[in-house]
Amino acid sequence: MDLQVDFMALIPDELKLLIFKHLDSFNIITLENVSHKLKHLSFDKQLLRSLYFCRDYRLTTCHWLRAVMPRLEIITSLNINCVYWISRRNLTRCLSLPMLTSLYALDTKLQLYDICSSNLTSLNVLALTVKGSGPFDCPSCSVLNNLKRLCVILDRSQIHSSFIRTLMEKCMNVEELWFLDLCSDLGWYLPFSNMLPMKVLVTTYQIPPIFQPALDIVSFQSNCGIARMRFENRHKETADIYNYDFYEKISNTVWHTYLGYLRCNFPFGVEDAKKLVYQEVTFDNINFKELSLHHGPSFCCSRLKASILSILRLPNTKFLQKLSINICIFTKDILTADTGEPLSEKGLITFVSHFDRIAEHSPLIEELEVWECISHSTIIMTSAIWSAIGKLSNLKKLFIFALIPIDDQKCLFDICKKLTSLKLTFAGGMHEDLSLILPNLKILRDFRFEQKYLPLDRILKSLASNCACTLERVVLLGDVCDTLSPSSFEAFITNNPQLKLLYVCISTFSKDDLRLITTYLNRVKMEQQIFIVTNSNHALHLVPDSYVIEMVQINSAISVIDIFNDFH
């Protein structure tokens, strides 16, 4: 009796297609590797109409050429955001897709010149990182003229203002524009007054004074800078959650008073803010998921701390998942304020500040950020503070920015062993215990450490002895380091083949040391890996934008509109 039964052969193709619809794009294009009988199904139009490869590290150049390219005539929507490892030459092959209507290529090697040189006559949605420092020089602009939705990231290199102006003039039919400026000093002017009415989503270091009130502008805060947030509700009315009129309209002046005291740029997460604007909830019954309550380093005062602590005692903060605060919250001062200006409907809540109480009140916090406070610059990260943080049993991501180094890191182990992301920035020296902790962090994926004097050799050896193989992104920053040993890099890289990013910047690195290390790293890295050792931030242009925003820069994790995922 033949016991080898091909059960897949018994299933009709129609039913197989319904099953395969639940697969991700990578698994669909590799169905042909399973059997010859499934190969013809992997070319079905229902499965291939929209392919999504955003940050899919399984997609190699080989897959791109052998699996994606033969299916070009079927694809109508292609998302390759953050697929930075495939060469420009190979990516341009996707520009011959006759049916392509949507192309998402942020943080890739594709350039604007490639798009304008293509025959994408059906394209009406484009997301692209724009690089350029000279005049606009593209052979044809017919593709840009047909666009209805456009998402642009300006690369960190200086971009000529005439380049941006000409680009926008060519996109005269755009109805929705997302604009992210990663340049630190950009003097540009966009001729929106000559364009059709559009929805503009802007995120820059500073909101430029070019947007006219007549335009429907929806602005938001980026990780890089400050902007006010406005949403268009279902009645086509725009609401600015930083405008006092908004709080009068919903009959809640309490939170406007909070915002006046907080001096926070953006206290709410995106989803919470949308619910308030869309009037799905009110300030009385919303259960906040994210709150950014950290103030500027020099803005600390008793009234400010009282406001923050009052908010963190409200019933609708019990289910917080992300919280951003300053280190001054860990002090035990008795806080008072002028009760003539109420901070809550029942008046000011005055109590002794203990982070233990916050942890007991909001036990579901998964991401915690602790920022510096110049007024409390002498606060040391003592075992008592770590013990308070340790009460957050669901904590997965921790970011500490402190002027004073850790006093006792033994309490850190129980906290860190459950973390997937750990980012530490200190002004002083690293305690020996951190080197003992790093090898035991079995689920850690992201590690960022910044310190003036960086014990680089010790950190690399500690990470190399971690046999869990979970680390994906490591960023180490400092001015001075101890002895630089190529063997430490070799051991770390060898023991972590899954690593996606290694960025090390030490100001005092000599050219000879850099040449030696860089030669080795370039020899062993795979195409998806970014290994950079440098003595200057000028090398940042070699790092994908998504990694710069999420790992290299010091940014809050409180959610804003994610330009890599939310533009779709």
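Visitor: How many helices and strands does the protein have?
Guide: This is a predicted model, where local features need pLDDT of at least 70, side-chain atom pairs count only at pLDDT 80 or more, and totals for chains, interfaces and linings use all residues. Residues are numbered from 1 along each chain as its sequence is written, and side-chain values use heavy atoms, leaving out hydrogens and water. Helices (H or I, at least four residues) and strands (E, at least two) are DSSP runs, numbered from the N terminus. The protein has 22 helices and 21 strands.

Visitor: Which strand pairs with strand 16 over six bridges?
Guide: Two strands pair if DSSP finds at least two bridges between them. The six bridges are in the parallel sense, and the strand is strand 15, residues 421-426.

Visitor: And what is the bridge partner of F447 in strand 18?
Guide: Strand 18 covers residues 473-478 and runs parallel to strand 16, with five bridges joining them. In strand 18, F447 is partnered with V474.

Visitor: How many residues of strand 16 are buried?
Guide: Buried means under 20% relative accessible area, exposed over 50%, and partly exposed in between (1.4 Å probe, protein chains only). Strand 16 spans residues 446-451 and is mostly covered. Its buried count is five of six.
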